[in-house]
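User: I'd like to learn how to read helices and strands in a model like this one. Could you walk me through it?

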Amino acid sequence: MKKIILVFILIINLLTPTHTAAQYGSKLEAGFSNVALGGLVGGVGAVINKKKSAKFGKTFWKGFYKGAIGGYLIYEGKNLIHKGSINTNSNYYWPAKLVHATGSSIIENAAANRGMLAQIHLTFGFNRIDCYTKKKFKLRYRILSSSLLSGISYALKYHFDIKETFKTGVFIFYDNKDFNINNRFHGMELSNNVVLSKAMKLFQSNNLHYSPSQNRFGSLFRFHVIGHEIIHTYQYESTFALNMFLNKPLKKLNKIKVVNWYQKYFYTEYNAVLFRFYNTKNRNNFIEKEADFYSINR
Ligand SMILES: [Zn+2]
């Protein structure tokens, strides 16, 4: 019963009108999609990873409610990015990252059918740290394989910006050559790494605010682009829970020495496959709409 009340409170919270009535529907949609997706992934994962003797329905519900709580935290993390974007304030980035990472960890735990806070992870570019809270407190470092590869591909082409990286909590590169990346984008994201256009660098200290009649490249526009790309890294990270679906077969593979060594130091992002076939030309999809939703004044 307590669990039902908790999920109910989350739903009521989503219904709290903090925006005008006209925008109400989209806030609800945004919150629900995160809670529902978190719940679904948590529930399905828990069933996949359940003990043979455990009951299907009970296991699914347990995973679902944990995943829903994780999804709600993900939603709140994204809301902090929205606050930072519209207030042109980078102080929101790290709190957003921590709230989001907690939410993402909870969904991962739900999908792995373990305690809600059994393992909390934090990623920074290609680095992943897991904090184990069960039995004995333990820290574990692993390299995110896809994030490392995308980071290398960006490093070969673009300029790594350490200051901006620590400010945002996301690996940031700048395209120092072209005003727009590939003559099309001001920002681009691939497996936890972000590239910003030369224009974004040029207008770093510009205090003009975006409006159709003004210069497009004001600080507000810049914060919109950064916020948009940070949301893409969050979307990527929140699909880490899907990797838990493969826990059982991967455990078997661990008997092979090389695989065992590899899995000790590397975390394979099988979820990256989902984003490989993503069409960047099509901006009319959930991923892009959500990234805009949390980075522009609505
Ligand atoms: Zn985008």
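Predicted model: local features only at pLDDT ≥ 70, side-chain atom pairs only at ≥ 80, totals over all residues.

User: Next, the hairpin. How many residues lie between strand 1 and strand 2?

Analyst: There are 2 residues between them, and Gly125 in that turn has a positive phi of about 60°. Strand 1 (residues 119-124) and strand 2 (residues 127-132) run antiparallel, joined by 6 bridges. To follow one across, go from Leu122 to its bridge partner Ile129 in strand 2.

User: And the sheet: in what order do the strands come?

Analyst: The order is 4-5-7-6, in an open sheet of 4 strands with mixed pairing. Strand 4 (159-160) and strand 6 (187-190) are the edges; each has a single partner strand, so one side of each has no neighbour in the sheet. Strand 6 pairs with strand 7 (residues 193-196) in the antiparallel sense, over 4 bridges. There, Glu189 has Val194 of strand 7 as its bridge partner.

User: Which helices pack on that sheet?

Analyst: Helix 5 (residues 145-157) does, touching strand 4, strand 5 (171-174), strand 6 and strand 7, and its direction makes about 20° with that of strand 7. Helix 8 also packs on the sheet, where it touches strand 6 and strand 7; its direction makes about 10° with that of strand 6.

User: How do helix 8 and helix 12 cross?

Analyst: The axes of helix 8 (residues 219-238) and helix 12 (residues 286-293) come within 8 Å and cross at roughly 130°. That makes helix 8 oblique to helix 12. Their crossing is right-handed.

User: Which residues make the contact?

Analyst: Here's the general idea: an α-helix has 3.6 residues a turn, so residues three or four places apart point the same way. Now the case here: helix 8 contributes His228, Ile231, His232 and Gln235, while helix 12 brings Ile287, Glu290, Ala291 and Asp292. By class, that contact has 3 nonpolar, 3 polar and 2 charged residues.

Definitions and conventions: Residues numbered from 1 in each chain as written. Axes fitted to C-alpha atoms, helices over the stretch in contact; angles between N-to-C directions. Parallel < 35°, antiparallel > 145°, perpendicular 65-115°, else oblique. Left-handed = near helix turned anticlockwise from the far one by under 90°. Contact = placed C-beta atoms within 7 Å. Nonpolar A, V, L, I, M, F, W, Y, C, P; charged D, E, K, R; others polar. Pairing = 2+ DSSP bridges.
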